[in-house]
Structures are given as structure tokens and as C-alpha cells.
Number of protein chains: 2
Amino acid sequence: MPVHVPRQVDHKARRDQIAEALLDIVASQGLEAISVRAVAAQAGVSAGRIQHYFANKDELLAYAIEYQDWLVQQRWNEQTWPEGEPTPREALRWVLLETIPGDDRRRREWLVGVAYLIRMLANPKLRALYVDGLPRLYQLLADLVRMAQEAGDIAPDRDPGMEAELLFGLADSQGPPVVLGLRSPEQAAAAIDYYLDHLFQ
Amino acid sequence: MPVHVPRQVDHKARRDQIAEALLDIVASQGLEAISVRAVAAQAGVSAGRIQHYFANKDELLAYAIEYQDWLVQQRWNEQTWPEGEPTPREALRWVLLETIPGDDRRRREWLVGVAYLIRMLANPKLRALYVDGLPRLYQLLADLVRMAQEAGDIAPDRDPGMEAELLFGLADSQGPPVVLGLRSPEQAAAAIDYYLDHLFQ
DNA sequence: GTTTTACCAATACGAACGTATTGGAAAAAG
DNA sequence: CTTTTTCCAATACGTTCGTATTGGTAAAAC
């Protein structure tokens, strides 16, 4: 039972600031460029501070990707709609556009996801981030298609599962060309809108 | 003018053997795991040999991805069809299935492509590998759709450009789930066949 | 045989790495 | 004030890195 309790700082804020610096480096230079000293320099803190908050480099790398996952979930949870509930089409469009690396934030998330992918193969904890999320996304898309069908906005002979595959593939495949500057985010969004126009009656 | 010419080895074969080792490491452990010594060990040669054939690490990394690109092009060029020219549908199916990381070779190619992606952002030479190839692939898919339309096998109201987008997206989005073991190569192929069945009349 | 030089194994070297260790500042409780 | 403990800057240590350098081997030309 401690009698003397010294000051306490906000641990999560400290860790998150360090994770932010790490994610910036990963997105621009890849995982190869990550060193404790490089992250410290990017974050504007001492390497000692990083050692104080993370036992080793692996833990630091794991925290950063989980932090990014948390950031994305925050954004999805906090998404509010100006006028009540969105229609299935509005929700569908929002989800699909969300995956396009169109602004700095999403571009960083996309590149970090790519950079961590090979690590996921051998690391079950990292793998779970992808393996858990992907089927839920497919399910969400299929459900939205089904809802639009029931409302009569999509032809009843369309298969929701197949449409979910097509929609996800269409959105997902915009990533590389957009990130590489081969296609603008607006062009990518236009491709999705074009297909939505055909899908919805 | 050299009077004495000592023995010459097959330079390309030597470089390719080293590139093979590098690609194996990249696919299984990522670019972070690449060091001259690690590649030498994987290839079963001395580090001195690698130094002899590559001026520095960057040149080694550049050669390896160009070598992989060459391998892929070789396979595409050497593709022969058992009975004369393939139908557009057969060609379409072959191209789409080709992108799925279903066997060890394609799985390695897929993972290496992912690993190099961030490097492409800042490196024009690497960028060109992607930037040149992607539009040509879209064009090929759209042309095949158009040919099938002219043969009356696809409904004339389908837009070849949009169908090329959908087909590529569908095939491309199979990569992550297949590589992560979330979906079998057979399931990925089935998804493509299912859509082709709907596209073709 | 001698000579020449491509080939490459081995070693060396300085820089950068992950991390263990040390020491001190600073805030809260008594 | 003193005490306690968190926080972290600084330094040190052993390893690994990219690459420069050295030296020797062996095949081809003469």
C-alpha cells in the first residue's frame, strides 16, 4: 500500500503520441525505417521516453497498429448522419468511400495496413485484426444490399453475397492506383458511384 | 584492348539465384529482414559474391523486383493454349485467376509486390513497374469484354470499362483473404467463375 | 610453362541498431 | 522540510549492419 504517490501522466496520450510518429514513418518509408531512435526523433521525444513506455520494439510496433485500428473504429462509431438514419444506399456509399485512401489520414491508414500485412502472416495477434474485420465488412455490405432489395431499390434477382464481393472488390482495388497517383480520389469515388447507379434501380 | 580474357560465368544466372533468395525472404519476413548476409545465407553463397554482383543493397533490391517482373512476363508470354486461340471468356478467366495467390509461386509474387509498394511511392523506377502495368491490364480486360460482346456472349448494354473495373476488383480483392488463409484459392476461383457465369449469357 | 584478370572468400571498419543501466528531476504525501 | 516513486534523459554495451579492402584461386590467352 503506497503511502507516497508521485505525479501520474496520461499514459495513453504518451503512447499514442509515439504511435502517431511511428505510423507516419511507416506510411512514408515502410517498416524497414522503424528504429527506436527514428521514432523518437519523429515524435520529438527522447529515446528514453519510448523505452519507458514500451518494453521493446515489437511491443511498440504492436501497439501502433492496434492504435490505428482503434482510430478507425472510433471514426466508424462516431459517424453521425445529419438527418436521422441513412438509407441503405447512403450507408453503402459511405462505407465504400471510407476505404479509399483519399485524404492524408486514410492514405496513412492504407499504407500502414499494407506495410504490416506480411507481419500478420506469422503473428496471430496482428492477424486477428484483419481476420476478424474482413468477414464483418462483407456481412455489412451484403446486409445493406439485402435491405435495399427489401425496400425495392435493388432488383430482387441480384445476389447480395455476390454484390457484396463486387462492391468490396471495386472499392478495395481503388487503393493502389489512388495511392500511386495513377487515379485521383475523385475518379475512384466516381467509379463507385457509377456502379451504385447501375445497381440501384 | 584486353589480350588475356579469363573465364566468364553466367552473370544473369548468378544474379537471378541471389534474387531468388531475396524474394523468398521478402515474402516470408518482409523487407525489414533483408540484409546482405541474410540473402547470402538463404542463397547458400558468400556475402562476397553478392558484393561482386551488386554495387550496393539498393541495387540488389531493385534487381530482385525487376527479376520478379521479368518472371511474370515470361509466364504470360509463354502461355500457350491447347487448342488454337482461346475464347475471350477463356482468356478472361485465365488472366483473372492468374492474379490470385493460389500457389507458392504466385503467393510469393503477391507478397513481394505488397512489400515493395511503399518503396514505389518515392522511387520512380519501381513506380514504373506498377504504373505501366496496371492500365494495360485494365485495357486488356475491357478489350476482352468488348470482344465477347461482339461475339454475342455478353449483353450489349454492359459497359466494358465498368466490367473491367469490376472483374479486376473482384480478382484483386481475393488476394488478402487467400494469403491470410481466410479463403482457399478454390473459393476465390469459384467467386470469379460465379460472376463470369452471370456476365456471360 | 607464364601472364593476366575475372571471380569471390575473408576480413576489417565505422555507423546504427536494440536494449540494459544509471542517475537525477520533480511532484505528491506526510 | 523529508520521503517516496514515477518519469525519463543519458550513457553504455554488445550485435548487426552496409560496404571498403585485401588477398588468393583458377581459367583463358600466349
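**Figure 1. The largest cavity, with about 110 Å³ of space inside.** In this predicted model, the structure holds one cavity of 30 Å³ or more. Both chains contribute to its lining: from chain A come A:Gly30, A:Leu31, A:Glu32, A:Val114, A:Ala115 and A:Ile118, and from chain B come B:Gly30, B:Leu31, B:Glu32, B:Val114, B:Ala115 and B:Ile118. Sort those residues by class and you get eight nonpolar, two polar and two charged. Helix 6 (104-122) of chain A and helix 6 of chain B each put at least two residues into the lining.

**Figure 2. The second largest pocket, at about 480 Å³.** Here the lining runs to 21 residues. Look to the centre of the pocket and the nearest ones are A:Arg158, A:Glu163, B:Arg158, B:Glu163 and B:Tyr195. Eleven of the lining residues are nonpolar, two are polar and eight are charged. Which helices supply at least two lining residues each? In chain A they are helix 8 (160-172) and helix 10 (185-199), and in chain B they are again helix 8 (160-172) and helix 10 (185-199). Helix 10 of chain A gives the largest share, with four residues.

**Figure 3. Chain B laid on chain A.** A turn of 180 degrees, with a shift of 0.0 Å along the axis, puts chain B on chain A with an RMSD of 0.0 Å. The two copies are therefore related as by a two-fold rotation axis. They also use the same surface to meet, since 100% of the contact residues of chain B recur in chain A.

**Figure 4. Chain A on its own, with ten helices and zero strands.** Follow the chain along its sequence and the pattern reads α-α-α-α-α-α-α-α-α-α. The C-alpha atoms fill a box of roughly 65 × 45 × 35 Å along the principal axes. Of the 201 residues of chain A, 44% count as buried. Take the contacts in chain A between residues at least 6 apart in sequence, and 66% of them join residues at least 24 apart.

Figure 5. Over all chains, the count of aromatic pairs comes to ten. How are the rings of A:Trp76 and A:Trp94 arranged? Their centres are 5.3 Å apart and their planes stand at 70 degrees, so this pair is edge-to-face, the cut-off for that label being over 60 degrees. A:Trp76 belongs to helix 4 (residues 57-78) of chain A and A:Trp94 to helix 5 (residues 88-98) of chain A, so the pair ties together parts that are 18 residues apart in sequence. A:Trp76, A:Trp81 and A:Trp94 form one aromatic cluster. The line for buried is drawn at under 20%.

**Figure 6. The buried side of helix 5 in chain B.** Which residues of helix 5 (residues 88-98) of chain B are buried? They are B:Pro88, B:Ala91, B:Leu92, B:Trp94, B:Val95, B:Leu96 and B:Glu98. The cover over them includes helix 4 (57-78), helix 6 (104-122), helix 7 (124-150), helix 8 and helix 10, each of them from chain B.

Figure 7. Is B:Leu199 buried or exposed? With a relative accessible area of 1%, B:Leu199 is buried. Setting aside residues up to four places away in sequence, B:Leu199 touches B:Asp153, B:Ile154, B:Arg158, B:Glu163 and B:Leu167. B:Ile154 is 45 residues from B:Leu199 in sequence, yet their C-alpha atoms are 6.3 Å apart in space. Two of the residues touched by B:Leu199, B:Arg158 and B:Glu163, also turn up among those nearest the centre of the second largest pocket.

**Figure 8. B:Arg107 and its contacts.** B:Arg107 lies in helix 6 of chain B. Its relative accessible area is 30%, so B:Arg107 counts as partly exposed. Leaving out neighbours within four places in sequence, the contacts of B:Arg107 are A:Leu121, B:Pro101 and B:Val179. B:Pro86 is 21 residues from B:Arg107 in sequence, and the two are 26 Å apart in space, C-alpha to C-alpha.

Key: Residues are numbered from 1 along each chain as its sequence is written. Chains are lettered from A and ligands numbered from 1 in the order in which they are written. This is a predicted model: local features need pLDDT of at least 70, side-chain atom pairs count only at pLDDT 80 or more; totals for chains, interfaces and linings use all residues. Side-chain values use heavy atoms; hydrogens and water are left out. On a 1 Å grid over the protein atoms alone, a cavity is a set of points where a 1.4 Å probe fits but cannot get out, and a pocket is an open set with protein on both sides within 12 Å along at least five of seven lines; lining residues have an atom within 4 Å of a point. Grid points are joined across faces, edges and corners, and a volume is the space filled by probe spheres set on the points. Ala, Val, Leu, Ile, Met, Phe, Trp, Tyr, Cys and Pro count as nonpolar, Asp, Glu, Lys and Arg as charged, and the others, Gly among them, as polar. Copies are superposed by least squares on the C-alpha atoms of residues with pLDDT of at least 70 in both. Contact means heavy atoms within 4.5 Å. Rings of Phe, Tyr and Trp (its six-membered ring) pair if their centres lie within 6.5 Å; planes under 30 degrees apart count as stacked, over 60 as edge-to-face and the rest as tilted. Buried means under 20% relative accessible area, exposed over 50%, partly exposed in between (1.4 Å probe, protein chains only).
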